[in-house]
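Here is a short note for a colleague who is new to this structure. Please read the points with the model open.

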Amino acid sequence: MDTKEHIMHIGMQLFAEKGYETTTIRDIAAKAKVNLALISYHFGSKEGLLKNIFQQRALNLQFHIWEISNDKNLNELQKIHLMIEYYIDKIFTNHQFHRVMMRELFSSQSEEVHTDTIDIFTENAKIVISIIEKGIKKKVFRKTDPELCFASIIGTIHHLMHSKILRTRIFGGKEIKDPILEPSFKKRVTKHIQQMIGNHLIADKNNNN
């Protein structure tokens with residue numbers, strides 16, 4: 001890990017722990033054990049650092065989505081299932097930062113600043129949508145709305161990630177603890193969304209409308 005990647009890694013940790021607004025460049029420099037000038041050189045500002053982190057995560061996601069999409073050994077449903085599994089795993093692994101990212105990325109104040117990152121996420125969405133469209137053309141999937149199908153996947157995941165109090169009360173059991181920390185909950189969410197989307201997409205031989 002080079003210096004730039006190290007700073008980004010520390011920045012991501014602190015943004016997740018303390019929040020973007022309350023984390024300062026000095027906090028990041030101190031924990032990363034680098035001087036302020038080095039952060040300024042690589043990123044220009046705290047906002048520049050955040051932008052770089054967002055873009056790196058979006059591009060990493062895009063790489064894996066492309067990899068799955070171009071795997072000729074997988075059918076369309078298998079590709080969708082693998083993408084769901086990968087996306088949920090990435091979010092659950094660093095759920096605190098994901099919450100920060102969604103809040104900062106799509107807030108009205110900063111949305112224009114992060115258009116490059118949003119463009120990458122848009123391309124990622126188009127890849128998933130195109131797979132659904134191919135399945136429909138092959139008559140493997142029923143005639144459905146590919147864009148809203150994608151929105152159903154993402155919306156379910158993001159709702160679970162953002163609603164901590166509701167999530168804890170519904171899924172936390174008698175101990176009322178956040179289930180996001182339990183590996184079994186990640187498997188439960190993955191399986192449910194895969195089944196939900198699979199049941200929705202797979203063509204009914206008796207009714208393909």
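**Notes on helix packing and pockets**

1. Start with one crossing. H4 and H6 cross with a left-handed sense (left-handed if the near helix is turned anticlockwise from the far one by less than a right angle, right-handed if clockwise). The contact uses Leu 50, Ile 53, Phe 54 and Arg 57 from H4, and Phe 97, Met 101, Glu 104 and Leu 105 from H6 (contact means heavy atoms within 4.5 Å). Sorted by class, the contact of H4 with H6 has 6 nonpolar, no polar and 2 charged residues. Ala, Val, Leu, Ile, Met, Phe, Trp, Tyr, Cys and Pro count as nonpolar, Asp, Glu, Lys and Arg as charged, and the others, Gly among them, as polar.

2. A word on the basis. The model is predicted; local features need pLDDT of at least 70, side-chain atom pairs count only at pLDDT 80 or more, and totals for chains, interfaces and linings use all residues. Residues are numbered from 1 along each chain as its sequence is written, and side-chain values use heavy atoms, with hydrogens and water left out.

3. Now the overall layout. The protein chain has 10 helices and 0 strands (DSSP runs numbered from the N terminus: helices are H or I, at least four residues; strands are E, at least two). Its C-alpha trace spans about 65 × 45 × 35 Å along the principal axes.

4. Back to the angle. H4 covers residues 46-69 and H6 covers residues 95-105; their axes come within 12 Å and cross at roughly 110°. H4 is therefore roughly perpendicular to H6. Axes are lines fitted to C-alpha atoms, for helices over the stretch in contact, and angles run from 0 to 180 degrees between N-to-C directions. Under 35 degrees counts as roughly parallel, over 145 as roughly antiparallel, 65 to 115 as roughly perpendicular and the rest as oblique.

5. How do H4 and H5 pack? Their axes lie 10 Å apart, at an angle of about 155°. H4 and H5 are therefore roughly antiparallel. This crossing of H4 and H5 is right-handed. On the H4 side, the contact includes Arg 57, Asn 60 and Leu 61; on the H5 side, it includes Tyr 86, Tyr 87 and Lys 90. By class, the contact of H4 with H5 has 7 nonpolar, 3 polar and 3 charged residues.

6. Next, the largest pocket. Its volume is about 390 Å³. The lining has 20 residues, with Tyr 87, Phe 121, Ala 125, Phe 150 and Ile 154 nearest the centre. H4, H5 (76-93), H7 (115-137) and H8 (146-162) each give two or more residues to this lining. H7 provides the largest share, 6 residues. The lining divides into 17 nonpolar, 3 polar and no charged residues.

7. Then the second largest pocket. It holds about 270 Å³ of space. Its lining has 14 residues, and Arg 57, Ala 58, Asn 60, Leu 61 and Lys 90 are the closest to its centre. H4, H5 and H6 each supply at least two lining residues. H4 gives the most, 5 residues. This lining divides into 7 nonpolar, 5 polar and 2 charged residues.

8. Last, the pocket terms. On a 1 Å grid over the protein atoms alone, a pocket is an open set of points where a 1.4 Å probe fits, with protein on both sides within 12 Å along at least five of seven lines; lining residues have an atom within 4 Å of a point. A volume is the space filled by probe spheres set on the points.
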